[in-house]
Amino acid sequence: MIGDDRGSLIALEANRLIPFDIQRVYYIYSTKINVERGFHAHRELQQIAIAVNGACTMLLDDGSEKKEIKLNSCAQALYIGPGIWRVMREFTADCVLLVMASHYYDEKDYIRDYNEFLNWVKDKKNEEVDFDRGW
Ligand code: T46
């Protein structure tokens, strides 16, 4: 953050502060009260989410551990890698959730069924074990 007596400025540069090439930016806003969004994971996609206005809560789940993160500052960026189930909730009426993504929109990259997600995580772990054994 670069601040002076005029206010603050944050610069997000691809492959520097953002750890990937940004292919797409989208934002979620005017979310209705008590709405929950997400309920999916991505196979490959990496993203950075920032509540540039207002606040929301992001529930992240890697298949074995769950974390709840409150996004309530435009100076706070959340990295969400592949293989993470996410649910967004508790949106304030004024929330604008800005997301920078490593790839163009591709519905094939989504896992929208929780049991399928758990099986995907298990398969990935088995692949890693096999790789470690040099198979
Ligand atoms: C994510 C969380 C944080 C597009 O056509 N292009 C896009 O770039 C996106 C993101 C969505 N869409 C379409 C797909 C659906 O028909 O817009 C509709 C709403 O998308 P979805 O229900 O996936 O929205 P969220 O809020 O549940 O999830 C979104 C992103 O899709 C997802 O990648 O990680 O925000």
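A polar side-chain atom of Arg24 lies 2.5 Å from an oxygen atom of the ligand. For Arg112, the corresponding distance from a polar side-chain atom to a ligand oxygen is 2.9 Å, and for an N or O atom in the side chain of His40 it is 3.4 Å. A polar contact here is a pair of N or O atoms within 3.5 Å.

The model is predicted: local features need pLDDT of at least 70 and side-chain atom pairs pLDDT 80 or more, while totals for chains, interfaces and linings use all residues. Residues are numbered from 1 along each chain as its sequence is written, and side-chain values use heavy atoms, without hydrogens and water.

## The shell around the ligand

The ligand is surrounded by 13 residues (a heavy atom within 4 Å), and the closest are Arg24, Arg37, His42, Arg86 and Tyr110. By class, the shell comprises 5 nonpolar, 4 polar and 4 charged residues, with Tyr counted as nonpolar, Arg as charged and Gly as polar.

Strands S3 (24-28), S4 (37-42) and S9 (85-89) each contribute at least two shell residues; S4 gives the largest share, 4 residues. Strands are DSSP runs (E) of at least two residues, numbered from the N terminus.

## The sheet

S4 and S11 run antiparallel and are joined by 2 bridges. His42 stands opposite Tyr110 in S11.

Conventions. A polar contact is a pair of N or O atoms within 3.5 Å; within protein, one must be able to donate a hydrogen and the other to accept it, and residues adjacent in sequence count only if both atoms are side-chain atoms. Two strands pair if DSSP finds at least two bridges between them.
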